[in-house]
Amino acid sequence: MKDAFGLPQSLLVLGGTSEIALATARRLVARRTRTVWLAGRPSSALEQSAADLRALGADVRTVAFDALATESHETVLGKVFAEGDIDVVLLAFGVLGDQAHDEREPLDAVRVAQTNYTGAVSAGLVSARALQAQGHGSLVVLSSVAGERARRSNFIYGSSKAGLDAFAQGLGDALHGTGVHVMVVRPGFVRTKMTAGLPEAPLATTPEEVATAVELGLRRRSETVWVPGALRWVMSALRHVPREVFRRLPL
């Protein structure tokens, strides 16, 4: 169960090598979290991530999980929940893709969409049902400001995040009053290995800053978290820019 400050004692990370997710796990372990499950494709990176969290004092377990293997999600995640209650599920997997390449190779574009949206719908619904069955818990979904309005430079990725964001909001509404809390996190450009080499956008942030915002959101039981907070107002303005003007913006 969560402590008096709303912080979890147990955490399940879907996307166990995500830099944002690991920064969040480190922050939560430093506060209260004692049990962490890292779910991801088996790799040395996954095992190293687990070892790093164990060094901070957490009981860390890894589980083989593939976002694209949706037929396995109920079995894999069911085994995790069978081991005991999970206070927070952090849905953090996703791929950026390569816009120019993916426009030429539709199957690669489909893989981006299937990972970021279809896989998340499956894992999100399975996790939500398990949280509802135990009567409490939070599902934290890493979305993106890229889903707020499609941009020429990354509309494949952005459209997948738009779908994910809408799904998570609807799921939160469906679970309202059940004891399960859904929180959508919308970071802007985050400096990670995934974005290395890309032109840095204004209001760029770090995994640690996203982790700080996630912790605060859990304490407040927020439904939507923007990182940094100023992006709420920036995106509100951009949503209403006429399309012909929007096309000419350096986005």
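Q: What makes strand 1 and strand 2 a pair?
A: Strand 1 and strand 2 are joined by five bridges in the parallel sense. Two strands pair if DSSP finds at least two bridges between them, so strand 1 and strand 2 count as paired. One of the contacts along this pairing sets S10 against its bridge partner T35 in strand 2. The strands and helices named here are DSSP runs numbered from the N terminus (helices are H or I with at least four residues, strands E with at least two). This is a predicted model, in which local features need pLDDT of at least 70, side-chain atom pairs count only at pLDDT 80 or more, and totals for chains, interfaces and linings use all residues. Residues are numbered from 1 along each chain as its sequence is written, and side-chain values use heavy atoms, with hydrogens and water left out.

Q: Which other strand pairs with strand 1, and how many bridges join them?
A: Strand 4 runs parallel to strand 1, and four bridges join them. L14 stands opposite L91 in strand 4.

Q: What is the order of the strands in the sheet?
A: Seven strands form an open sheet in the order 3-2-1-4-5-6-7, with parallel pairing. Strand 3 (59–64) and strand 7 (224–227) stand at the edges with a single partner strand each, so one side of each has no neighbour in the sheet. Neighbouring strands are turned by 15° against each other on average, direction ignored. Such angles are taken between lines fitted to C-alpha atoms, for helices over the stretch in contact, and run from 0 to 180 degrees between N-to-C directions.

Q: How do you know that strand 2 and strand 3 are joined?
A: Six bridges join strand 2 (residues 35–40) to strand 3, and the two run parallel. Among the positions along them, A39 has V63 as its bridge partner, and L38 stands opposite T62. The chain crosses from strand 2 to strand 3 through helix 2 (residues 44–54) in a right-handed β-α-β crossover.

Q: Why is a crossover called right-handed?
A: A crossover is right-handed if, with the strands pointing away from the viewer, the path from the first strand over the helix to the second runs clockwise. Strand 1, helix 1 and strand 2 also make a right-handed β-α-β unit.

Q: Which strands does helix 1 lie across?
A: Helix 1 (residues 19–31) lies across strand 1 (10–14), strand 2, strand 4 (88–91) and strand 5 (137–142), and runs at about 175° to strand 1. Helix 7 (residues 207–220) lies across strand 4, strand 5, strand 6 (180–187) and strand 7, running at about 150° to strand 6.

Q: Why is strand 1 called largely enclosed?
A: Five of the five residues of strand 1 are buried, so the rest of the structure largely encloses this strand. Buried means under 20% relative accessible area, exposed over 50%, and partly exposed in between (1.4 Å probe, protein chains only). Both faces are covered, with S10, L12 and L14 buried on one side and L11 and V13 on the other. In a regular strand the side chains alternate between the two faces of the sheet.

Q: Why is R41 called partly exposed?
A: R41 has 47% relative accessibility, so it counts as partly exposed. R41 is in the loop between strand 2 and helix 2. Not counting residues up to four places away in sequence, R41 touches L46, F65, D66, L68 and R111. The C-alpha atoms of R41 and A64, 23 residues apart along the chain, are separated by 5.4 Å.

Q: What makes the backbone at R221 stand out?
A: R221 has a positive phi of about 55° although it is not a glycine. Most residues other than glycine have a negative phi, and most peptide bonds are trans. R221 is in the loop between helix 7 and strand 7.

Q: Which residues does a cis peptide bond join?
A: A cis peptide bond joins V227 and P228, with omega about -10°. P228 is in the loop between strand 7 and helix 8 (231–239).

Technical notes. Contact means heavy atoms within 4.5 Å.
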